[in-house]
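This report goes through selected local features of the model below, chain by chain where that helps. Please keep the structure in view while reading.

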Amino acid sequence: MTSVRASAAMDRSYKLMLLPASLAVGIFAVAPLVGMFVLSFTDFHLIRGWSGKIGLQNFLRLAGDARFLSSIYVMAALSFFGVVAQVVIGTAIAVGLDRIVKSWRFARGIFVIPFAVPHIAVALIWLSLFTPTLSPITAFFATFGIEVPAMLTSQTGAIAAIVIADTWATTPFVMLIVLAALQGISPDLDEAAAMDGATRIRSFFLITLPLLYPTLLMVALFRFIETLKHFPLIFVMTSGGPGRATQATNYYAYVQTFQSSNVAYGAAIAVFLFIFAGIISFYIARSNARLSDA
Amino acid sequence: MRDQSISFRVKRGIGIAMMLALLAFSLLPILWTLILALRPATHLFEPIWSSPTALTLDNIASIARSDFPRALLNSFITAGASTLLALLLGVPGAFALSKRRFSGKFMASWLLLLLRMAPPVGFVIPLFLFYVQAGLIDTHIGLIFAYTSLTLPFVVWSMWTSFNQIPNELVEAGLMDGASLWQVLRLIVLPAARPGLVAAGVLSFLLAWNDFFFALVITRSSTTTAPVAIMNFVSYASVDWGAIAVAAIALTLPTVPIIIIANKYIVQSLGGAVKG
Amino acid sequence: MFTKRRTVLAAALMLGTALAGPGAFAQQTEVDVLLFSMPSTLGLQKLAPDFEAETGIKTNIEVVGQDVFESRITLSFTGGTGDIDVVHTPAIQVQRWVEAGWLAPLTQTLSGMPDRDDIIPATLDSFKVGDDHWGIPFFAETGLLAYRKDLLEAAGKQPPTTWEEMLDVAAAIHSPDTAGVVMRAAPGQGFNMFVFPMIMRAYGGEFFADYPDDLTPTFNSPETLSALDVYIKLLGEYGPNGVSSFNFPEVVAAMQAGQAAMTVDGTSIVSQAVDPQKSRFADQIELALPPAGPAERAPALAVHGLGVSASAKDPEAAAKFVAWATSKETMTKLALNEAYPDFTRASIAEDPAVKEKYAGIQADFLDLRIAALQEARSDYRPLLPTWPELGAAMGENVNAALNGMMEPQEALDAANEEMGYILGQ
């Protein structure tokens with residue numbers, strides 16, 4: 001998209017329009033971030049304070065910290081499976097609403113409800129669902145003599161539990177965006193393909209899905225960044241356990257900052273996450289720029 | 001021309017079954033929360049089918065008597081005010097970003113995204129100290145500003161995409177008629193971008209409404225918000241599940257009508273954004 | 001992009017605030033109190049008007065959830081905000097807070113209290129660092145055993161007095177409907193590391209070579225290994241499905257719903273199992289002293305007190321509030337109004353009205369509690385500034401062993417090594 005040509009007076013107006021937003025963003029969003037970077041180069045400790053030392057020591061320590069490295073593995077698993085589940089299910093719901101059950105007008109509202117439940121409550125609700133002695137799921141299957149295995153006592157199970165709770169809460173976001181994109185794609189395209197002999201399902205995969213690809217990519221990247229910041233679900237559902245098996249990187253930063261009082265080291269972990277997310281967001285911004293400037 | 005063969009009906013049946021299963025996945029945990037909200041402490045986790053009549057309104061009554069309603073009000077005030085502030089500051093900014101010719105557009109959009117990336121754990125202590133210096137701890141205004149740091153980048157980002165879909169000719173025609181840029185924005189562009197405006201407003205309201213972290217850091221007794229107040233039911237030796245369930249429902253209920261009403265607009269505006 | 005000057009400014013701002021402290025607050029006699037939620041603190045909030053009437057000092061008592069409390073207190077203390085005058089002070093945090101300079105000493109207040117000898121000495125000692133007292137106790141809970149007498153009787157078993165017997169009883173009563181035993185297992189210094197030391201000490205295990213003089217970690221001793229084996233066997237063979245991720249809410253719920261027959265936990269947990277308002281098996285559950293082992297009986301101990309923040313606006317008024325809240329009169333009222341058998345003054349147990357109230361739970365309930373308190377060691381969880389980190393390191397490894405992710409010996413070795421690292425830092 002090209003821009004409207006501007007005179008000098010208009011340019012002033014434009015600058016005036018940008019100024020308040022830039023100032024507000026600068027003061028309230030950027031300042032604490034600068035603080036985070038500064039902290040990461042110090043040795044600030046909640047109890048011992050700051051010795052005056054400034055340097056790269058925190059980042060050097062990161063490189064050799066086994067707990068940090070394994071936290072990246074946990075984070076990668078949570079993000080990968082979470083994003084895949086959310087995108088697949090969100091797309092399935094959107095396609096279903098748009099193509100299969102068009103008459104279910106009420107359903108869209110129902111599918112969105114979990115999105116409105118605050119994360120702390122999501123964590124507590126799913127904790128009760130995954131605790132065998134509390135869960136109605138266990139009780140239901142027990143009436144048929146089937147024992148539902150405990151999820152939170154193994155690494156695989158606990159990661160799956162967090163992914164399921166996260167998927168429940170955030171799939172509606174994916175669904176809304178995919179639904180929006182789908183409504184811009186005419187079902188006639190599929191029907192035309194169907195007339196050419198392709199089955200409806202085949203034509204969906206051949207025609208609609210490729211058209212959805214840019215949207216799916218963007219949504220996936222957005223969700224990916226959010227999953228890097230997992231906290232309430234881990235904190236409430238597993239306390240990082242079993243053992244340390246669900247201490248994802250962001251949670252580990254919390255452990256270092258608040259439990260071990262190593263604020264500066266916690267900040268360094270956060271800086272690592274921020275830079276990592278920055279690289280991802282670079283790709284989102286670029287793909288978005290392509291989409292809107294195309 | 002509809003294909004009515006058996007194979008089509010089977011496939012459609014599978015599709016409907018899938019949708020019903022997904023609906024159950026979305027809805028059953030909500031139903032479970034409703035049941036918990038209505039259960040007395042002695043039957044809390046008992047399967048509902050083995051004691052379907054053991055129900056009580058005590059949990060609701062005890063929430064109504066607690067500080068929770070005030071926290072809910074605080075949530076409304078701060079999320080609402082921050083959304084308004086973000087729209088007020090962000091809409092002109094987004095308009096300028098969309099329509100003004102300049103080279104840093106890509107950097108600006110990246111920066112806006114970056115601001116949503118920072119892990120709160122890293123900047124909480126600087127943020128807190130900054131707020132202490134500014135005297136903003138435990139004030140509505142302080143929390144509104146903090147939420148604006150969440151909502152403003154979001155509003156700018158999404159209104160920017162909305163404005164990109166408004167043809168430049170519309171702006172140029174307005175300018176040709178002698179209107180100022182501000183008048184063009186207010187009288188021509190905004191009405192045309194209404195779905196985007198509603199969508200940005202609603203989603204940014206939800207962003208602030210669901211926040212736990214900023215409220216935890218910035219608020220004290222007088223401005224606690226509802227998500228933090230929920231955690232007050234997790235006490236030293238017990239978890240008040242019934243109260244938590246009621247609180248979760250109380251916190252979800254007000255947003256459901258908002259989402260349902262705004263749904264159409266959200267889909268319209270996002271649809272436009274995605275089409276580009 | 002940001003100029004260098006701006007970065008320096010931000011740094012100065014950030015690191016300077018810690019020194020700047022309060023100062024600009026209004027000078028009226030008002031005491032801000034931050035407590036975390038438990039029956040006694042909620043009760044204290046209700047009694048606050050009495051204090052205001054007595055002294056003319058206005059109080060603003062905020063009671064929040066424990067997790068909310070912990071984040072807030074850390075931030076407020078770090079920022080020196082002066083928005084907290086009186087603070088809920090768990091004994092396990094005292095050393096850390098004193099080292100950071102966050103608390104003001106209460107030695108004078110304590111010596112000014114007319115009946116200070118009434119305070120149970122072990123609880124008072126928990127708040128002593130150096131020559132000063134940094135908090136006055138108002139809550140002390142200890143470990144107790146809760147068991148279903150109907151199930152034990154049916155199996156012809158006596159309530160266990162040792163962990164060995166506990167294994168035997170658990171095996172006899174364990175059934176698909178009712179697990180033999182339930183205990184906290186989730187990793188954390190206040191979660192599994194609140195109950196595990198009861199077994200560890202019973203088998204003669206110690207955290208350190210000679211606390212507090214020689215802090216060489218000895219968490220991987222053969223004694224601690226036998227204790228860990230007992231813990232794993234109890235929960236692994238006779239615990240309910242999924243027990244190895246349980247925290248206190250799940251333990252409470254399992255006892256209340258009759259899904260488990262025995263537990264060993266703090267007073268505030270077991271007393272919920274015998275509360276007829278919440279528990280359907282209240283009248284079948286009996287309380288007893290926690291099991292002992294070859295070495296000793298080592299009931300858990302958690303002591304909480306009230307401290308005065310170093311940045312209190314009016315330290316004298318704050319100290320007055322602490323003295324009032326921990327006085328015999330206030331504590332007696334609390335014991336009568338709330339579920340508060342955890343008072344820290346010995347004489348309250350002699351009060352006829354208090355005696356009658358708690359005899360309702362079980363005739364010898366208060367005596368049991370006092371007996372357990374007398375056996376409890378004030379260093380049940382060692383009082384060190386680094387305890388939160390040490391406890392986490394042990395708790396996480398113990399939990400890993402419980403879940404079969406590590407061999408017991410391997411887990412204890414790992415924990416021991418981490419403890420050495422934390423203490424050497």
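This is a predicted model: local features need pLDDT of at least 70, side-chain atom pairs count only at pLDDT 80 or more; totals for chains, interfaces and linings use all residues.

Buried means under 20% relative accessible area.

Asp138(B) has a relative accessible area of 18%, so it counts as buried. Its phi is near 55 degrees, a positive value in a residue other than glycine. Asp138(B) sits in the loop between α5 (120-134) and α6 (140-164) of chain B.

Ser239(A) is also not a glycine, and its phi is positive at about 50 degrees. Its relative accessibility is 13%, and Ser239(A) is therefore buried. The residue lies in the loop between α10 and α11 of chain A.

## Cis peptide bonds

The bond from Gly241(A) to Pro242(A) is cis, with omega near 0 degrees. Pro242(A) belongs to the loop between α10 (232-237) and α11 (249-259) of chain A. Ser239(A) is found in the loop between these helices too.

Chain C has a cis peptide bond between Tyr211(C) and Pro212(C), where omega is about -5 degrees. Pro212(C) is placed in the loop between β8 (208-210) and β9 (214-217) of chain C.

## The largest nonpolar core

The largest nonpolar core holds 347 residues. Which of them touch the most other members? They are Phe163(B), Trp163(C), Met183(C), Phe219(C), Tyr231(C) and Phe321(C).

Take Phe321(C). Neighbours within four places in sequence aside, Phe321(C) contacts Val31(C), Val33(C), Leu44(C), Phe51(C), Thr59(C), Ile61(C), Val86(C) and Leu306(C).

## A helix crossing in chain C

Helix α9 (residues 192-202) and helix α17 (residues 387-402) of chain C have axes that come within 10 Å. They cross at roughly 75 degrees. Angles of 65 to 115 degrees count as roughly perpendicular, and α9(C) and α17(C) are therefore roughly perpendicular to each other.

On the α9(C) side, the contact is made by Asn192(C), Met193(C) and Phe196(C). On the α17(C) side, Gly391(C), Met394(C), Gly395(C), Val398(C) and Asn399(C) make it. Four residues of this contact are nonpolar, four are polar and none is charged.

## Domains of chain B

Chain B is divided into domain 1 (6-58) and domain 2 (67-275). How far apart do their C-alpha centres lie? The distance is 33 Å.

The two domains of chain B do touch: six residues of domain 1 are in contact with six residues of domain 2.

Conventions: Residues are numbered from 1 along each chain as its sequence is written. Chains are lettered from A and ligands numbered from 1 in the order in which they are written. Side-chain values use heavy atoms; hydrogens and water are left out. A nonpolar core is a set of buried Ala, Val, Leu, Ile, Met, Phe, Trp, Tyr and Cys residues joined through side-chain atoms within 4.5 Å. Buried means under 20% relative accessible area, exposed over 50%, partly exposed in between (1.4 Å probe, protein chains only). Contact means heavy atoms within 4.5 Å. Axes are lines fitted to C-alpha atoms, for helices over the stretch in contact, and angles run from 0 to 180 degrees between N-to-C directions. Helices (H or I, at least four residues) and strands (E, at least two) are DSSP runs, numbered from the N terminus. Angles under 35 degrees count as roughly parallel, over 145 as roughly antiparallel, 65 to 115 as roughly perpendicular and the rest as oblique. Ala, Val, Leu, Ile, Met, Phe, Trp, Tyr, Cys and Pro count as nonpolar, Asp, Glu, Lys and Arg as charged, and the others, Gly among them, as polar. Domain bounds come from an automatic or database domain assignment.
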